[in-house]
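Please read the points below with the model open.

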Amino acid sequence: MSNQTLSEEDEKKAKILYKRFQSENPDVLNPTDINTEEKYNFFKTITYEEYSLMQRARKQAYPFTRL
């Protein structure tokens, strides 16, 4: 497992983004792989920086990223 190095603020932001994605798409897994229409549509509503933050959180194995 990678070290969890997000700041407290970034962790909170990433968690909010994951929760939002999950609430909008409860049956879709791994939101940072943009390989479905649902994922693509979600990422059209956020910034690149927010997407990158979600990816970093997932790569660092934060618990809220496990769907």
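1. Helix 1 has 17 residues, which at 1.5 Å a residue should span 24 Å; the end C-alpha atoms are 25 Å apart, which agrees. The expected span is 1.5 Å times one less than the number of residues. Helices are DSSP runs (H or I, at least four residues), numbered from the N terminus. This is a predicted model: local features need pLDDT of at least 70, side-chain atom pairs count only at pLDDT 80 or more, and totals for chains, interfaces and linings use all residues. Residues are numbered from 1 along each chain as its sequence is written, and side-chain values use heavy atoms, without hydrogens and water.

2. Ala 14, Leu 17, Tyr 18 and Phe 21 are the buried residues of helix 1 (buried is under 20% relative accessible area, exposed over 50%, partly exposed in between; 1.4 Å probe, protein chains only). Seen down the helix axis, they fall within an arc of 95° and so line one face; the arc is taken from the directions from the axis to the C-beta atoms. They pack against helix 2 (37-43) and helix 3, contact being heavy atoms within 4.5 Å. The face turned away carries exposed residues, including Glu 8, Lys 12 and Ile 16.

3. The whole structure holds five aromatic pairs (Phe, Tyr or Trp rings, the six-membered one for Trp, with centres within 6.5 Å; planes under 30 degrees apart are stacked, over 60 edge-to-face, the rest tilted). Tyr 18 and Phe 64 have ring centres 5.7 Å apart and planes at 65°, so this pair is edge-to-face. The two residues are 46 apart in the chain, Phe 64 lying in the segment after helix 3 (48-59).
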